[in-house]
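Hi,

Here is the model I promised to pass on.

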Amino acid sequence: MTRFTNEQLRTFTLVVDEGTFEAAAEILGVSASAISQRIKTMETSAGRILLQRTNPVRPTDSGEVVLRVARQNEYLNAELEQELGERAGQGSITIAVNSDSLATWLLSAVGELSRCDKIFCDLRREGEQHSSALLRSGEVMAAITSHPELINGCEVEELGQARYWCVASKEFVDEHFKNWPHHITAEELNAAPVIEFDRKDHGQRSSRHLILKAHNVEDNGGESPSIYIPSSPDYARAVEDGIGWGLVPEAQCRQGLESGTIISLVGDEPLDFPLYWQRWKISSRILDRVTQRIYDAAQKYLEPKNL
């Protein structure tokens with residue numbers, strides 16, 4: 001059974017974070033050859049290569065596992081020191097989160113954690129693919145994701161459904177859809193600019209399908225001109241200002257829908273996307289408390305999860 005010492009795990013993490021053996025050696029006050037020997041000893045013990053000797057160095061697939069465990073070990077040791085009163089302050093936690101959750105509901109949980117629990121969040125606003133990589137490496141302890149893919153060493157549970165509306169400003173609708181609300185043609189939709197978050201944003205394809213289906217129009221395979229705005233608040237504002245139509249979280253367009261300044265292009269048919277909470281599978285008082293705060297906020301602000 002492979003076992004690594006705290007010194008070896010600390011060394012491994014430093015080498016990956018700093019990018020070179022030399023940089024890690026300077027921090028630890030030893031020679032680069034001593035760092036190299038520690039890594040070789042770990043690889044011999046594991047029976048496999050853990051680091052790619054590139055510049056900067058990168059963990060192999062097996063090294064990713066070791067890196068995650070090393071970060072978890074470091075975190076648990078710090079939490080133990082806090083529990084025993086050997087370290088001042090309370091807990092902190094790193095979380096990867098998508099932009100829309102950060103802009104709409106997550107800050108309520110972050111505030112509760114800070115005010116009531118003295119647990120402070122380091123939020124990393126990342127896309128889905130990068131969030132998974134951060135979990136695998138242990139750089140973040142938890143993530144809010146839109147896919148239930150289970151990362152090794154983690155556990156996952158659905159939080160609820162994030163509700164979106166396919167909308168445009170009233171002025172935009174009047175300009176681009178002449179027979180509204182009775183009819184939208186595929187040609188009109190092809191000519192009407194759409195706001196997209198980034199080039200990995202696939203929600204607009206679903207929106208286009210829903211719009212044409214709602215108006216009994218066959219999709220001709222066209223695409224709307226895209227305007228990319230990679231900021232959730234600015235995205236919603238661009239739709240509100242009539243720059244383009246888009247898929248907006250309900251929390252950001254509810255007031256406009258109620259007042260009539262924002263128009264749903266699909267009637268009463270919202271799009272619901274599941275959100276998942278993925279966290280390290282470890283016993284941690286702090287991480288358990290964060291998880292509970294996240295669940296409480298999700299229950300308050302999200303639609304009920306799928307049963």
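Some housekeeping first. This is a predicted model, with residues numbered from 1 along each chain as its sequence is written. Local features need pLDDT of at least 70, side-chain atom pairs count only at pLDDT 80 or more, totals for chains, interfaces and linings use all residues, and side-chain values use heavy atoms, with hydrogens and water left out.

Two packed helices are described by the angle between their axes and the distance between the axes. Helices here are DSSP runs (H or I, at least four residues), strands are runs of E with at least two, and both are numbered from the N terminus. Axes are lines fitted to C-alpha atoms, for helices over the stretch in contact, and angles run from 0 to 180 degrees between N-to-C directions.

Start with helix 1 (residues 6-18) and helix 2 (residues 21-28): their axes come within 8 Å and cross at roughly 125 degrees. That makes helix 1 and helix 2 oblique to each other (under 35 degrees counts as roughly parallel, over 145 as roughly antiparallel, 65 to 115 as roughly perpendicular, and the rest as oblique). On the helix 1 side, Thr11, Leu14, Val15 and Glu18 meet Phe21, Ala23, Ala24, Ile27 and Leu28 of helix 2 (contact means heavy atoms within 4.5 Å). Seven of the residues in this contact are nonpolar, one is polar and one is charged. For these classes, Ala, Val, Leu, Ile, Met, Phe, Trp, Tyr, Cys and Pro count as nonpolar, Asp, Glu, Lys and Arg as charged, and the others, Gly among them, as polar.

Helix 1 also packs against helix 3 (residues 32-46), at about 115 degrees and with the axes 10 Å apart. Helix 1 and helix 3 are therefore roughly perpendicular, and their crossing is left-handed. Here Glu7, Gln8, Leu9, Thr11, Phe12 and Val15 of helix 1 touch Ile35, Arg38, Ile39, Thr41 and Met42 of helix 3. This contact has six nonpolar, three polar and two charged residues.

Most residues other than glycine have a negative phi, and most peptide bonds are trans.

- Asn55 to Pro56 is a cis peptide bond, with omega near 5 degrees; Pro56 sits in the loop between strand 1 (51-52) and strand 2 (58-59).
- Trp180 to Pro181 is also cis, with omega near 5 degrees, and Pro181 is in the loop between helix 8 (170-176) and helix 9 (186-191).
- Lys118 is not a glycine, yet has a positive phi near 55 degrees. Lys118 lies in the loop between helix 6 (106-117) and strand 4 (120-125), and is partly exposed at 42% relative accessibility (buried is under 20% relative accessible area, exposed over 50%, partly exposed in between, with a 1.4 Å probe and protein chains only).

**One more loop residue**

Thr261, in the loop between helix 12 (250-259) and strand 10 (262-264), is partly exposed at 43%. Its C-alpha is 8.7 Å from that of Ala168, 93 residues apart along the chain. Leaving out residues up to four places away in sequence, Thr261 touches Ala168, Ser169, Lys170 and Gly256.

Cheers

Note on methods: Left-handed = near helix turned anticlockwise from the far one by under 90°.
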